[in-house]
Amino acid sequence: MKLNACILALLSLMATSCNQKNSKQEPQVPKTDPQEKTTPSFQNKGQELVYKMVQKVGDIQALHKKKDVTYTYTYQTPDGKKDVSTEKYIFDGELSYGHYQTHERTFPDLEGSITQGYNGKTYWLTHNGKALKDSTLLKRVAFNRPTNYYWFTMMPKLLDPGLHYAYLGEKTLNNTLYDIVKVSFTSQNNSPTDIYQVYINKNTQLVDQFLFTVVDFGVMDTPFLMTVTYEEVDGIWIPSKRRYKASTWDATVDDTPWTEVTWSQIKFNTGLTPQEFSIE
């Protein structure tokens, strides 16, 4: 596709990142109260299918019982550039921390150690231990932190309040039958919002792949296809191996290389404290 070079440049921000909402200070999705669990009342079949999928992978209450998580985030683009970070989150308050050992795609002009974080109130960035106050860099941090958090918690957060669901029917891909559900967000001021189109495996009830848009980059007509492979960690199913590239709305892709994303060494309930998410 002619768009691929531009798209991959955008996605290089996105996957340290991965689905950036650049200058916005919060992700588009509302937060879920982890204490609330009521008898399901579904908008339609699409929401019911998403609900059943979330019960399989682990819902937001199950995730919050884990308290926190640490893992290694590795992002590899087709041009050979790589980011490697140690990610840490506290689920209560959606606190987020990322220490980049390699950042060839994220802040490539900065040599040495980079750490970025969100302590529940503010975003911060250090370079070789020194705090940076540059507003442009901090806007990227304000995108990266909630975005990385959202990707890790995406499956249970597909039941967040304010989402809209549409059942699009069944489709067979590679001899596997899928239910397809479109998930969209409540729009503010009639502005465009991101769209997720999830393919739920009828046999496993897991999302094997999904289409998504990147509204903040103006890429609304061309979705990306993300395929995922799961691992089970302490009873939670994590889509820890991921790859994506430009697609059509029929989930058809060309033969260009994929961008590869891996989450490894995933550990829950590691005893993180809020103080660890504030700038030193």
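Residues are numbered from 1 along each chain as its sequence is written. Because the model is predicted, local features need pLDDT of at least 70 and side-chain atom pairs count only at pLDDT 80 or more, while totals for chains, interfaces and linings use all residues; side-chain values use heavy atoms, with hydrogens and water left out.

Biologist: Is Gln116 buried or exposed?

Modeller: Gln116 lies in strand β4, residues 114-118; strands (E, at least two residues) and helices (H or I, at least four) are DSSP runs numbered from the N terminus. Buried means under 20% relative accessible area, exposed over 50%, and partly exposed in between, with a 1.4 Å probe and protein chains only. At 0% relative accessibility, Gln116 is therefore buried.

Biologist: With which side chain does the side chain of Gln116 make a polar contact?

Modeller: A polar contact is a pair of N or O atoms within 3.5 Å; within protein, one must be able to donate a hydrogen and the other to accept it, and residues adjacent in sequence count only if both atoms are side-chain atoms. Contact in general means heavy atoms within 4.5 Å, and beyond four places in sequence Gln116 has such contacts with residues including Tyr97, Trp124 and Arg145. The polar contact, at 2.9 Å, is with Arg145.

Biologist: What is the distance of the polar contact between the side chains of Thr106 and Asp83?

Modeller: Thr106 is found in the loop between β3 (95-103) and β4. Thr106 is buried, with a relative accessible area of 1%. The polar contact between its side chain and that of Asp83 spans 2.6 Å.

Biologist: How far apart in space are Leu158 and Met53, C-alpha to C-alpha?

Modeller: Leu158 sits in the loop between α4 (135-157) and β7 (163-173) and is buried at 0% relative accessible area. Met53 is one of the residues that Leu158 touches. The two are 105 residues apart in sequence, and their C-alpha distance is 9.7 Å.

Biologist: Why is strand β8 described as largely enclosed by the rest of the structure?

Modeller: Strand β8 covers residues 176-185. The reason for the description is the number of its ten residues that are buried, which is seven.

Biologist: How many bridges join β8 to β9?

Modeller: Two strands pair if DSSP finds at least two bridges between them. On one side, β8 runs antiparallel to β7, and Tyr167 stands opposite Val181. Strand β9 (residues 195-201) is also antiparallel to β8, with Tyr178 partnered by Asn201. The number of bridges between β8 and β9 is seven.
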